[in-house]
Amino acid sequence: MDKRERLIQKLRNIAVQTPTAILEVPEKVEGFGSIKYRPEPCSVCKKCIEACEVEALDIDFTVQLPAYLDATIPEGGFRSKNRETLISLLQTLKGEGDVQAISVPTGLAGYGSVVWFTEKCIACNKCVEACPEDCLDLEKQYDLPTIIGDVVTPPSISITEWEPFIICFVCWECSHAAADLAGLMHLHYPANIRTVRVPCSGAVEPIQIMTAMENGVDGVLVTGCLLSECHYGGDDPLAGNFMQQDFVHFWQSVFEEIGLGGRLHIDFASAAMGIRFTEIVTEFVERIKKIGPSPLRGKLEVES
Amino acid sequence: MKKLFLCTCNGTLNKLLDFTKIGKEVKALYDVVEVVDNLCLEEGLTKLEKGLSEDDRLAIGACSSQIIGVPMKQRIKNDLVTFVPLREQVGWVHVEEKESATNKAIVLLSDASVQLDHMESPTEFTESVVDRVLVMGGGIAGLKAASDLHRLGVEVTLLEPSGQNNERYLQTSVFMSDTDTLINELQAIQKTLKKVERFEGTFGEVTGQTGSYDVTLNGVNGNEKIREYGAIIVASGNQQYLPRSAKKMRHGKSERVVTLDSLMSRLKKKRAKESSTILVAVDFDAPMFSVEGSHLLRSTRNLATRGYTIIVVHSDIRTEDENLYREARDSGVIFIRGKVTRIRENEKGLTCRIENTLESMEREVIADLVAIPQMVGPVNETALLADKLGVDCDNNGFIRTRYSKMKPVQTSRRGIFVAGGAKMPMSLSDAMASAQNAVLEAFKVVRSPLTRSGWIPVIDDEQCDVCKACLEACPNDALRLMDDRIVHVPAHCEFCGICVSACPTRAIEFQSHRKESWFARFEAVATTHRRLEGKKPFSFVFACSECANASIDQAGFAGKQYGTGSYVIQFPCAGMVSPIEILKGLVVGAEHVIVAHCPPGGCHHQTGDHLSELVVSFTRDMLREIGQDPERVQATYMIAAMPEKMQKEVPVRG
């Protein structure tokens with residue numbers, strides 16, 4: 001199982017409600033998106049399929065007649081002149097009634113279309129670059145409902161005595177120092193967090209967050225250096241914490257959809273901000289206490 | 001200048017068509033319109049020759065191009081000519097409708113005028129040719145081919161598997177003829193091979209094209225040789241194998257069950273001991289080649305004449321010589337049509353139960369021996385060999401030829417020929433004839449300068465997406481992928497245009513038949529038709545230039561009348577027709593479009609008939625979906641032997 005498959009498997013494992021919305025992917029988040037395919041200018045040259053390293057595209061021996069008939073041929077036409085002529089002829093001849101895709105007879109070269117598999121796609125844009133006919137676009141949208149599918153809501157459990165259990169990823173530059181400083185200053189904050197030190201907040205991978213959730217933690221907190229002060233990139237828009245912020249926002253929207261809303265949070269503190277660190281932790285623990293225990297605890301209990 | 005020559009066919013055609021009206025109507029389309037009485041005779045030809053200059057474009061409105069094209073060839077000054085068969089395709093088939101027929105002639109002549117505007121000179125190309133032939137032998141046909149080529153003075157290499165000798169040749173060709181004839185023939189051929197270069201081993205790789213194939217030869221002792229050959233003859237021969245039923249007949253389990261050939265060599269010339277019965281069990285389900293049948297009959301007759309009791313249990317026996325069967329019967333061979341269902345061995349011999357399918361009854365026979373005739377197939381290496389050479393095989397693993405009647409030794413790749421049993425099991429005389437035929441074809445390749453001309457597909461690299469649809473479609477290996485671009489190999493091209501119909505981007509256009517020219521021509525036909533005939537419906541017949549066009553001409557000769565609103569547009573091959581041309585035909589106003597191709601399996605370019613059927617069925621699917629009547633588009637085959645086809649296919653309206 002490759003990494004993407006593992007991640008999707010974990011997402012399915014932790015989902016407690018069926019997602020319905022197609023999510024916007026924040027600007028700096030790469031690797032997640034949708035390929036939009038226009039069959040009408042496509043010459044079925046298979047360049048995109050050859051370029052795709054994760055086999056997220058394949059040839060389909062059908063002709064998408066509805067798209068052909070709806071197409072507006074741009075000024076200057078398509079690059080595929082024969083396709084353009086075929087489409088305009090079909091449009092001229094269009095009669096009454098509904099139109100459906102038809103299959104191409106076996107042995108007839110030069111016709112077909114391309115199909116895209118959402119869950120295999122890593123939004124690398126290679127197919128878009130390979131396409132000579134401008135049929136493909138990478139859109140910043142993530143089709144979560146298709147990927148997760150139908151979710152069976154786990155049985156709810158009533159826990160009488162419960163304390164939140166939270167994994168807190170701290171970067172080993174500023175935020176770890178801030179946690180240390182909080183200790184040195186003898187500041188008190190709830191004992192519900194377990195810190196995991198990572199080189200940079202940007203180094204936290206989605207699969208690690210999902211693994212934590214899968215194991216029944218009630219929330220995941222990611223902390224990093226102050227924005228614009230990342231030790232790996234500084235004020236570069238692609239610095240570790242800037243990027244992770246967008247990623248966490250993305251995963252927050254995913255969590256919202258799959259019934260884990262509010263259980264993921266990112267915040268920032270510099271090495272001198274011991275007080276801020278205790279505030280971040282306290283606020284998050286309070287929030288989790290309000291939301292209640294992870295619904296996955298019930299699932300885990302049933303499974304064990 | 002654009003010139004039109006009309007011929008009255010000795011004052012007959014102008015009785016069927018109104019030449020005055022035609023002349024008046026087409027005057028604006030041509031710079032010169034000339035009417036002659038007999039274009040095919042010296043008088044007319046001289047007039048034509050005098051009236052033409054170097055850069056003229058010429059339309060001929062006369063009889064079929066098959067007829068008038070021949071005497072004209074020497075008299076015209078370039079290839080920018082189009083023929084409108086006013087006699088076979090208009091006058092003679094619309095005898096009752098002079099007015100409409102005249103209108104049709106005008107429509108076709110306007111089409112010809114547009115066609116001339118788009119016509120390009122054919123491309124001429126010369127390839128270098130290597131005067132050397134490689135024979136990939138292994139059997140007697142290979143020896144014959146090498147021997148004949150040597151006699152013709154062509155340098156030849158005979159490549160054979162290691163360890164070939166007369167004994168082995170005899171063993172592998174035992175089914176081809178009787179032993180004496182085989183031995184005599186072998187000895188005679190071997191004598192002529194003394195000066196022929198022989199190479200023991202296999203071949204590694206073949207690159208290049210007809211006229212110059214680079215072949216890597218791997219010798220048995222590890223030596224490698226790369227040689228250039230103009231042509232290759234594959235004569236890898238046959239091998240025999242046991243039929244499937246052999247195991248059930250207890251072959252390998254009982255010593256009394258043997259193959260017929262091993263029995264023959266064991267018994268040699270021995271006469272039978274008293275009452276020895278041999279049951280010959282032919283595999284009931286496997287179809288039999290006629291050489292296998294002849295061999296069976298020869299062998300059993302031979303045994304019967306020596307006093308053995310022979311029972312042949314068989315399904316269908318095929319033979320090329322009916323006398324063999326008669327002689328076998330006369331010499332006492334008993335034939336039972338049926339199937340051996342069980343064999344039991346005991347001290348008396350072999351008890352064989354036979355299901356007689358003719359009389360629907362079972363019977364048991366006790367035999368001393370059971371003989372199993374072996375079957376004949378291609379040698380094991382054939383598939384690998386064909387793969388390396390890039391030629392096609394049929395379902396039985398034999399090398400496929402292009403057209404069984406007219407191209408019996410041509411493989412799917414130009415310059416590579418097949419001789420003898422590699423194509424199918426053959427009798428000795430057939431194998432010899434096939435070898436001679438292959439030799440002549442190879443000789444033609446290496447000895448005639450490869451200058452050819454024709455309209456070729458022109459590839460526009462800028463437009464090309466390298467989707468390889470054309471490679472897939474080309475039946476002749478005339479397009480290849482080289483350095484990530486499509487390259488045309490003119491030496492292999494048959495100018496059929498099938499590649500053009502496959503291209504989705506219009507990166508390949510066929511000279512003189514560019515998409516634009518088709519569109520302009522269809523529009524010219526439609527507007528002229530409407531101007532002259534008003535609302536009368538019309539149809540297009542997209543006819544291939546081979547069988548279909550011949551059939552339409554024949555309709556004229558046979559006087560098979562059909563409706564006038566039918567315009568024949570000639571395509572080099574029906575495989576060149578794509579949905580685009582068909583739909584365009586409908587868009588300009590045709591009521592029907594009929595795509596006429598050669599009979600199934602009879603396409604002169606191998607796949608055109610099949611491809612045009614696919615294109616038409618695909619187009620019909622599209623029409624059905626968009627709410628049009630799919631019946632407006634039809635595919636059909638036409639053939640010269642069926643002149644009534646046109647009458648049947650073209651809708652007749654009053």
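Leaving aside its neighbours within four places in sequence, which residues is Arg413(B) in contact with? This report on a predicted model takes up that residue, then chain B, then a strand of chain A.

## Arg413 of chain B

Arg413(B) sits in a loop of chain B, between helix H12 (382–389) and strand E21 (416–418). Beyond its neighbours within four places in sequence, its contacts are Gly208(B), Tyr213(B), Leu389(B), Gly390(B), Val391(B), Asp477(B), Arg480(B) and His492(B).

Is Arg413(B) buried or exposed? Its relative accessibility is 9%, so Arg413(B) counts as buried.

## Chain B as a whole

Chain B has 654 residues, and 57% of them count as buried. It holds 20 helices and 30 strands. Its C-alpha trace spans about 100 × 60 × 50 Å along the principal axes.

Take the contacts in chain B between residues at least 6 apart in sequence: 70% of these join residues at least 24 apart. The chain exposes about 27,400 Å², with carbon and sulfur atoms supplying 48% of that area.

## Strand E12 of chain A

E12(A) runs parallel to strand E11 (residues 219–224) of chain A, and 5 bridges join the two. Within this pairing, Thr223(A) has Asp267(A) as its bridge partner. From E11(A) the chain passes through helix H9 (residues 240–258) to E12(A). This β-α-β crossover is right-handed.

Note on methods
Residues numbered from 1 in each chain as written. Chains lettered and ligands numbered in written order. Predicted model: local features only at pLDDT ≥ 70, side-chain atom pairs only at ≥ 80, totals over all residues. Heavy atoms only, no water. Helix = DSSP H or I, 4+ residues; strand = E, 2+ residues; numbered from the N terminus. Buried < 20%, exposed > 50% of the residue type's maximum accessible area, 1.4 Å probe, protein only. Contact = heavy atoms within 4.5 Å. Pairing = 2+ DSSP bridges. Right-handed = clockwise from strand over helix to strand, strands pointing away. Areas by Shrake-Rupley, 256 points an atom, 1.4 Å probe, with all protein chains shown as cover.
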